[in-house]
Amino acid sequence: MQQKTGMTLKWLLLASLINNFAFGFIWPVTTVYLNGPLHQSLVVVGWVMLLVASGQAFGSIISGRLFDRFAPYKLILIGTLGMICIQFLLIFFHGWPFYAVNLIVAALLNGWIMAVINAYGTLVKNHDGRFVFNMLYFTNNFGMVFATALLGLIYPFGIVWLFILSLGLYFVLLGIVRHAFKIDITVDDAHQQSAMPKLPRWNLKLVYGVIIGLIVLWIAYAQWQGNLSVYMTTDLHLPLWQYSLLWTINGLLIAIIQVGLNAFHLVTSPKAMWIQIFGGIFMFGLAFLILPFAHDFTGFAIAMVITTFGEVTAFPMIPALVNELTPAALKGRYQGLVAAAPSVGRAIGPLVGGLVIERDGYSALFNGGALLVFITFAVLALLMLKGYRHTQQFTEGD
């Protein structure tokens, strides 16, 4: 029976942490495992990664739309049970092509769960929405970074152990879901869900504007996760551990910056939200302007520090802004789109980056990335200046 009203933040954050911790044991080894033990070409690997990112985006969009018209508890239960089944399959069927098929389904279910968790974040009643989404971003990253750090220790013993650990974590997530996610949805919310209102015109423009902007930022960010590793190791002949160290810096900085933002209560300030969004986008662009001049670890570390400040300030505020611009009956749909945006960017980014590099080289990639980010900055700034005053704000229960 649904006896609780409102989502408890600590359980929501723990679920987010475990979901990303568990999935972090699966996908980061994809390239190494496909290209190594399974002997697949990098072209095949690229297609698999594209389908993985697309599956994740598709899962987020579908579950987000269902959240507004279907029992949220059943949605996250279906996603979690699905992931448990996939882990069982991966333990026994991880050769080619079963590994790739199972991985794509796992990505779809992970996107499904992430979108539902984001939508549940709109049901937290005793905390400001900006604080909730800031903390969700922190737990998402911490879970993934922690899992990635352990991969190097566990993977040499066999990939099966990663699937076993992931399976155990999803059983823990199932326990949390059964304990904390069966909450009441109020009569008013149910009425709104059946009515399915439309967003006011400027709310719609701004919501889609920031979602498209988030996709563009992730197209740029995807260059760090893929093409930059090739540039550093192949073109500049820097050791792979230096590229890995950049992500250690990224993870540590995310934790430090998040603690600072919360300590000074900056995440709950409306004015600070705008500074975080536009300041973060600006820093993203600035980092790309530094990359053409980076030829050693120090240069790349400086660019990574600036990029991390950008992502950790801008990214969490976008779902918070979308939350404020959408009524209760539509929050799941648009939080699903927000959750899908990074996956869309990761799917498009490597392909776009590869085409630019092949045609004009890495300098064009870095300068083009900066230009793309600054254009996004300008378009979103114009949208906000022109339309934000005409938007309708939605508080809890609206």
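**Figure 1. Helix α7, end to end.** Helix α7 covers residues 159–180, 22 residues in all, and stretches 32 Å from its first C-alpha to its last. That is close to the 32 Å expected at 1.5 Å a residue, where the expected span is 1.5 Å times one less than the number of residues. Helices here are DSSP runs (H or I, at least four residues), and strands are E runs of at least two, numbered from the N terminus. Everything shown comes from a predicted model, in which local features need pLDDT of at least 70 and side-chain atom pairs count only at pLDDT 80 or more, while totals for chains, interfaces and linings use all residues. Residues are numbered from 1 along each chain as its sequence is written, and side-chain values use heavy atoms, with hydrogens and water left out. Buried residues of α7 include I159, L162, F163, S166, L167 and L169. Further along, Y170, L173, L174, I176, V177 and A180 are buried too. (Buried is under 20% relative accessible area, exposed is over 50%, and partly exposed is in between, using a 1.4 Å probe and protein chains only.)

**Figure 2. Helix α14, tucked away.** How many of the 8 residues of helix α14 are buried? The count is 8 of the 8 for this helix (residues 317–324), so α14 is largely enclosed by the rest of the structure. The buried residues are M317, I318, P319, A320, L321, V322, N323 and E324.

**Figure 3. W218 and its ring neighbours.** The structure holds 21 aromatic pairs. The rings of W218 and Y221 make an edge-to-face pair, because their planes stand at 65° with the centres 4.9 Å apart. For the cut-offs, rings of Phe, Tyr and Trp (its six-membered ring) pair if their centres lie within 6.5 Å; planes under 30 degrees apart are stacked, over 60 edge-to-face, and the rest tilted. W218 and Y221 both sit in helix α9 (residues 201–225), 3 residues apart, or about one turn of the helix. An α-helix has 3.6 residues a turn, so residues three or four places apart point the same way. W218 and Y221 are both buried. Zoom out a bit, and ring pairs link Y137, W218, Y221, F284 and F315 into a cluster.

Figure 4. Y231 and F366 form an edge-to-face aromatic pair, with 5.4 Å centre to centre and 70° between the planes. This pair links distant parts of the chain, 135 residues apart: Y231 belongs to helix α10 (residues 227–235) and F366 to helix α16 (residues 362–387). Both Y231 and F366 are buried.

**Figure 5. A nonpolar patch on the surface.** F88, L89, F92, F93, F98 and F171 make up this patch, with about 630 Å² of accessible area together. Accessible areas come from the Shrake-Rupley method with a 1.4 Å probe, and for residues only the protein chains shown count as cover. Patch members have over 30% relative accessible area and no salt bridge; nonpolar side chains (Val, Leu, Ile, Met, Phe, Trp, Tyr) are joined within 5 Å, like charges within 9 Å. Helix α4 (residues 72–92) supplies the largest share, 3 residues. L89 lies in α4 and counts as partly exposed, at 36% relative accessibility.

**Figure 6. The salt bridge.** A search of the whole structure turns up 1 salt bridge, meaning a side-chain nitrogen of Lys or Arg within 4 Å of a carboxyl oxygen of Asp or Glu. The side chains involved are D360 and R359, at 3.5 Å, N to O. R359 is exposed, with a relative accessible area of 71%.

Figure 7. A cis peptide bond joins W96 and P97, with omega about 5°; P97 lies in the loop between α4 and α5 (98–121). The C-alpha atoms of W96 and Q40 are separated by 8.7 Å, though the two are 56 residues apart along the chain. Q40 is in the loop between α2 (30–35) and α3 (42–67), and counts as buried at 16% relative accessibility. H39, also placed in the loop between α2 and α3, counts as exposed at 67%. Phi of H39 is near 55°, a positive value in a residue other than glycine.
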